Number of protein chains: 4
Amino acid sequence: MSTGLERLPFVQLLGMELEAIEEGRAVGSLEMRDELTSNPATGIAHGAVPYALADTVGGAAAFTVAESVTPTIDMRIDYVNPPIADVFEATAEVLRGGNTVATVDVVVENESEVIATARGTYKVSGASGTSPWLGRDDTE
Amino acid sequence: MSTGLERLPFVQLLGMELEAIEEGRAVGSLEMRDELTSNPATGIAHGAVPYALADTVGGAAAFTVAESVTPTIDMRIDYVNPPIADVFEATAEVLRGGNTVATVDVVVENESEVIATARGTYKVSGASGTSPWLGRDDTE
Amino acid sequence: MSTGLERLPFVQLLGMELEAIEEGRAVGSLEMRDELTSNPATGIAHGAVPYALADTVGGAAAFTVAESVTPTIDMRIDYVNPPIADVFEATAEVLRGGNTVATVDVVVENESEVIATARGTYKVSGASGTSPWLGRDDTE
Amino acid sequence: MSTGLERLPFVQLLGMELEAIEEGRAVGSLEMRDELTSNPATGIAHGAVPYALADTVGGAAAFTVAESVTPTIDMRIDYVNPPIADVFEATAEVLRGGNTVATVDVVVENESEVIATARGTYKVSGASGTSPWLGRDDTE
């Protein structure tokens, strides 16, 4: 991917990667490591880890239907199974791509089951400036 | 604080600190640094940073009314101002402290205004095992 | 259906009907009429109408995995298309059926598209008393 | 109030009234009656009743900062005490009044305590047409 998303500092800190992006849809992943746990003995990720992946991949999906930047307005996450994985994978789909906001659904999975589902509203117009992650590439 | 919360790996990675905890209420903080931004030029935190603080401090507040561990069941965050700060501070209050779940309200602020508000539901009973962060202290 | 759900006063007032119920899943419908609109000229339902259907059908799905009553703890609804329909249909599925809470996903549709999606957390144990809608049948 | 809100069919069906409205804030009420319960014996309102009041009063608050109509994009409600009241009262405040969306916080109370809290995102620009409830007055 050449979106520049992976060069964002926090995306790098957590080790998130964008696997695929197309109109209305994005897929990303995050490899687990002890630093991201709440308890290294159990390997359970801190709840903010699947959230970070969901928010990031959801924003990438929203970007595909946006004029420019896509700040998150709100997001809800539901944890449905213990967040344990070697690699978390998140798939985001735009449910509603209006002229001002997009509603995005995200599913976060481990190797065998759904870990969390998230739903967020992103601003897709009316924002000033360039995209936080795709912007740099535009000038290259 | 001697809760052990600050020894959790992900809490350490982000640099979250628990400032105060009492029955039904907790306060925590997080010092910003470039690694936590989406764009170091603007200093804007990735949206998952205030979320991480809200979820962590909300869990600490839920813990004060819980029998044992307090996994997050769901959380919604609303971003109301750009997440820029030297230090983010989150204050969590238990709105509903039932026998099975607690509803917690969290406000995340920078030095001058509210950045985000979050509301989460935490499991406060029926969980097995010891708390991920207070547990260790119990055996000391 | 013999669940008694349709005898609940508010369910009758809105005209909600339970179409199907099985382990972890429920389907219900609501026929539109002018009284349920925000604007009879456009036929647009008040936003609380698809919410009422989502909450009710979601509670029915949660009930199938519950010990007794299933009060709603929280619910989020996202409106993705204008709420116009002759008949709204809602399908609810249990995403997480734990021993204390259930997480339920609901999709509300009209004849051709998704109108709203909702996700709720319901209490499935620890409640006292009998079910508000299945209870009566138990004594018959 | 001369907003026309109370003439909306669904608002009339439930008996919701607007008590006060000013820049960024609205207050409304709803008198309970058996038709609005899930169980007339207990007097417990169906969960969609406080939701309907929260959504309606929240929309009125959003309208005060909007260019035109304010459709709800999403709303989360948390039920914190049993919804029993003679009269429910909801107070809505705009937390974020941007140029495209408004974030609104609503508290629903009975005579002695908080029953539910809700947080919603409303569209405040980019909409076509006139307000569903204030529009008529504009032409009078």
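**Salt bridges and chain contacts in a predicted model**

In this predicted model, R33(A) and E35(A) are joined through their side chains by a salt bridge, with N and O 2.8 Å apart.

Other salt bridges link one chain to another. R76(D) pairs with D74(B), and their closest N and O atoms are 2.8 Å apart. Because R76(D) lies in strand β5 (residues 72-79) of chain D and D74(B) in strand β5 (residues 72-79) of chain B, this pair joins two chains. Are these two residues buried or exposed? R76(D) has 1% relative accessibility and therefore counts as buried, the limit being under 20%. D74(B), at 0%, counts as buried too.

A salt bridge also forms between D74(D) and R76(B), again with 2.8 Å between the closest N and O atoms. It crosses between chains, running from strand β5 of chain D, where D74(D) is placed, to strand β5 of chain B, which holds R76(B). D74(D) is buried at 0% relative accessibility, and R76(B) is buried at 1%.

R76(B) has a further partner in chain A: its side chain meets that of D74(A) in a salt bridge of 3.3 Å, N to O. These residues belong to a network of salt bridges that links D74(A), R76(B), D78(B), R76(C), D78(C) and D74(D).

The interface of chain A and chain B may now be considered as a whole. The size of an interface is often given as the accessible area lost when the parts come together. Between chain A and chain B about 2400 Å² is buried, and carbon and sulfur atoms give 64% of this area. On the side of chain A, the residues that lose the most area to chain B are F10(A), L13(A) and H46(A), which together account for 24% of what that side buries. The contact draws 32 residues from chain A and 31 residues from chain B.

Two salt bridges are counted between chain A and chain B, and 14 residue pairs are in polar contact across their interface. Which elements of chain A supply at least two residues each to the side that touches chain B? They are α1 (9-14), β3 (37-39), α2 (48-63) and β5 (72-79). The largest share, eight residues, comes from β5(A). By residue class, this side of chain A divides into 18 nonpolar, six polar and eight charged residues.

A20(B) is found in strand β1 (residues 16-22) of that chain and is partly exposed, at 26% relative accessibility. T64(B) is 44 residues from A20(B) along the chain, and the C-alpha atoms of the two are separated by 12 Å.

Key
Residues are numbered from 1 along each chain as its sequence is written. Chains are lettered from A and ligands numbered from 1 in the order in which they are written. This is a predicted model: local features need pLDDT of at least 70, side-chain atom pairs count only at pLDDT 80 or more; totals for chains, interfaces and linings use all residues. Side-chain values use heavy atoms; hydrogens and water are left out. A salt bridge is a side-chain nitrogen of Lys or Arg within 4 Å of a carboxyl oxygen of Asp or Glu. Helices (H or I, at least four residues) and strands (E, at least two) are DSSP runs, numbered from the N terminus. Buried means under 20% relative accessible area, exposed over 50%, partly exposed in between (1.4 Å probe, protein chains only). Contact means heavy atoms within 4.5 Å. Buried area is the accessible area (1.4 Å probe) that two parts lose on being put together, summed over both. A polar contact is a pair of N or O atoms within 3.5 Å; within protein, one must be able to donate a hydrogen and the other to accept it, and residues adjacent in sequence count only if both atoms are side-chain atoms. Ala, Val, Leu, Ile, Met, Phe, Trp, Tyr, Cys and Pro count as nonpolar, Asp, Glu, Lys and Arg as charged, and the others, Gly among them, as polar.
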